[in-house]
Amino acid sequence: MTSTAIDTDLRDEIRDIVADVLEVEVEEVSWTAHFQDDLDSDSMRAIELLAQLERRFDVSIKQQELLRMQDLASTYEVVLEARVGK
């Protein structure tokens, strides 16, 4: 990640959405827990996660970004980039 500071409120909100969509406890969604390998996500849940993030943060995220969204850290980056219009 290029920025040095993490917006903890944004991170926590993304974490809550991930936990809800993947139907796991928030504590299971660590910064590096792999959604598919560690949290048993699948492609349908990944698409639902993308849709939830777009709705919540009023952003547009290209579906190819799903390939990057493998854990909380990378998902945070994708949302952050979408919010600043990159």
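Visitor: What share of the 86 residues in the protein is buried, and what makes a residue buried?
Guide: Buried residues make up 34% of the 86. Buried means under 20% relative accessible area, exposed means over 50%, and partly exposed lies in between (1.4 Å probe, protein chains only). This is a predicted model, where local features need pLDDT of at least 70, side-chain atom pairs count only at pLDDT 80 or more, and totals for chains, interfaces and linings use all residues. Residues are numbered from 1 along each chain as its sequence is written, and side-chain values use heavy atoms, leaving out hydrogens and water.

Visitor: Why is D40 called exposed?
Guide: D40 has a relative accessible area of 61%. Exposed means over 50%, so D40 is exposed. D40 sits in the loop between α1 (8-22) and α2 (43-57). Its phi is near 60°, a positive value in a residue other than glycine.

Visitor: Why is D58 called exposed?
Guide: The relative accessible area of D58 is 70%. The cut-off is over 50%, so D58 is exposed. D58 lies in the loop between α2 and α3 (72-84). D58 is not a glycine, yet has a positive phi of about 50°.

Visitor: How many helices and strands does the protein have?
Guide: It has 3 helices and 0 strands. Helices (H or I, at least four residues) and strands (E, at least two) are DSSP runs, numbered from the N terminus. The pattern along the sequence is α-α-α.

Visitor: Why is the protein called as compact as a globular protein of its length?
Guide: The radius of gyration, taken over C-alpha atoms, is set against the globule rule: 2.2 Å times the number of residues to the power 0.38. The protein has 12 Å, close to the 12 Å that the rule gives for 86 residues, so it is as compact as a globular protein of that length. The C-alpha trace spans about 30 × 25 × 20 Å along its principal axes.

Visitor: What makes a set of residues a nonpolar core, and how many residues has the largest?
Guide: A nonpolar core is a set of buried Ala, Val, Leu, Ile, Met, Phe, Trp, Tyr and Cys residues joined through side-chain atoms within 4.5 Å. The largest has 24 residues; I14, V29, L49, L53 and F57 have the most contacts inside it. α1, α2 and α3 each supply at least two residues. α1 gives the most, with 7.

Visitor: Which residues is F57 in contact with, leaving aside neighbours within four places in sequence?
Guide: L10, E13, I14, I17, V79 and R83. Contact means heavy atoms within 4.5 Å.
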